[in-house]
Amino acid sequence: MQFKTFKKFIYLDQGDNIGSVDLVQYMGSDLTVVNAARASYDKFKVEEENTELSEEDKKLIRYLITHKHTSTLEHNIVTFRFKVPLFVAKQHMRHRTWSFNEISRRHTSENIEFWTPNSYRVPDPKNRQQSLQKENFDPTVYITHGEYNVYEYSASALQKLHAKDCLERYNALINAGVAREQARAVLPEMMYTTYWGTIDLNNLVKFLDLREGGDAQWEISQVAIAVHEFANMLWPETMKNYKTPDQKKADEEMRFEQRVQQEVQKRLQG
Ligand SMILES: Cc1cc2nc3c(=O)[nH]c(=O)nc-3n(C[C@H](O)[C@H](O)[C@H](O)COP(=O)(O)OP(=O)(O)OC[C@H]3O[C@@H](n4cnc5c(N)ncnc54)[C@H](O)[C@@H]3O)c2cc1C
């Protein structure tokens, strides 16, 4: 099935309406998961326009997910178009179970855009891999030009200025006849790239496990959140049973608390 416009902007919080995830196409429904499981019995329920899942189907999906019979999710496939800064794409493309096709800066020098947030996070002193939100943090930065000329900028203004300078230098190289494949070397990591990514539902949730929360960088976690929301829309019953690592941790803590309470009760009574 093909969608015309299903787009989520992912960096609106940073004052950016460029970064986005689009749903391009998908295959399979919640019933596909049920049918994949019933392949074991050589059974199949034909899906028509208004086919609804029975209670038995829903129970089966719950069973499959809780018992990790997750190969049954691999017949559901989805394709997205991502528009993210290069450093986010680099993190995303470490996930080898996705199939990717990306814009080539060997082939085009058009539509160059940059991710320039309006505020910044600070390093987390307790976790090298993490950063902390600090409201409206846009510190003053001092840059020295020559021996005595010190210029003062806000961090966001400096980043925008750097983007503009890089683009001017890139265009100057292109106009002087330098090949795109070499001229692109002056373009920074904040440049937006676009690519298609296709994945099956089993590997999609594994991607969410790693990138939606935990130690993942905020900018890629926004990609994962958008992917998660699209998956909820396409396969609501299956996704209802998926728990994020944070939810699993909370459940585990709750079960531990309950066991402690039971033990205390037992000892008080005995
Ligand atoms: C918070 C965070 C920080 C990170 N920091 C760094 C970092 O500093 N430097 C860095 O280099 N990377 C870093 N990574 C990337 C990380 O090491 C993984 O490459 C990435 O998360 C993809 O995970 P994966 O290999 O499980 O996923 P996928 O590549 O999607 O693979 C999914 C699963 O398929 C199997 N698989 C796929 N390919 C192979 C293979 N060739 N051999 C064996 N099994 C395979 C594995 O079971 C794997 O878990 C970071 C990731 C996270 C989430």
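This is a predicted model: local features need pLDDT of at least 70, side-chain atom pairs count only at pLDDT 80 or more; totals for chains, interfaces and linings use all residues.

Q: How many helices and strands does the protein chain have?
A: The protein chain has 9 helices and 9 strands. Those are DSSP runs numbered from the N terminus, with helices being H or I of at least four residues and strands E of at least two.

Q: What order do the strands of the open sheet come in?
A: S1-S2-S3-S9-S4, 5 strands with antiparallel pairing. Two strands pair if DSSP finds at least two bridges between them. Strands S1 (7-9) and S4 (99-102) are at the edges with a single partner strand each, so one side of each has no neighbour in the sheet. On average, neighbouring strands are turned by 20° against each other, direction ignored.

Q: How many bridges join S2 to S3?
A: There are 7 between S2 (residues 20-27) and S3 (residues 77-85), and the two run antiparallel. In one of the pairs, Asp22 stands opposite Arg81 in S3.

Q: Which helix lies across S3 and S9?
A: That's H6 (residues 201-211), running at about 125° to S9 (192-200).

Q: Switching to H2, what are its buried residues?
A: Asp57, Ile61, Leu64 and Ile65. They cover an arc of only 95° around the axis, which puts them on the same side of H2; the arc is that of the directions from the helix axis to the C-beta atoms. As for cut-offs, a residue is buried if 20 or more other C-beta atoms lie within 10 Å of its own, exposed if 12 or fewer, and partly exposed in between, with C-beta atoms placed from the backbone.

Q: And which residues are exposed on the other side of H2?
A: Glu55, Glu56, Lys59, Tyr63 and Thr66. In general, an α-helix has 3.6 residues a turn, so residues three or four places apart point the same way.

Q: What covers the buried residues of H2?
A: The cover includes helices H1 (30-38) and H8 (236-240). Asp57 is buried, with 20 other C-beta atoms within 10 Å. Leaving out neighbours within four places in sequence, Asp57 is in contact with Leu31 and Val34. Contact here means that the two C-beta atoms, placed from the backbone, lie within 7 Å.

Q: What span should H2 have at 1.5 Å a residue?
A: For the 12 residues of H2 (residues 55-66) it should be 16 Å, and the end C-alpha atoms are 17 Å apart, which agrees. The expected span is 1.5 Å times one less than the number of residues. After H2 comes Lys68, with a positive phi near 55°.

Q: Which residues are buried in H7?
A: Ile220, Gln222, Val223, Ala224, Ala226, Val227, His228, Phe230, Ala231 and Leu234. They pack against S1, S2, S3, H3, H6 and H8.

Q: Where is His95 found?
A: In the loop between H3 (86-92) and S4. His95 counts as partly exposed, with 16 C-beta neighbours inside 10 Å. His95 and Leu204 are 109 residues apart in sequence, and their C-alpha atoms are 9.9 Å apart in space.

Q: Last one, what radius of gyration does the protein chain have?
A: It has 24 Å, but a compact globule of 270 residues would have one near 18 Å. That's taken over C-alpha atoms, and the globule rule is 2.2 Å times the number of residues to the power 0.38. The C-alpha atoms fill a box of roughly 80 × 55 × 25 Å along the principal axes, and 23% of the 270 residues count as buried.

Note on methods:
Residues are numbered from 1 along each chain as its sequence is written. Axes are lines fitted to C-alpha atoms, for helices over the stretch in contact, and angles run from 0 to 180 degrees between N-to-C directions.
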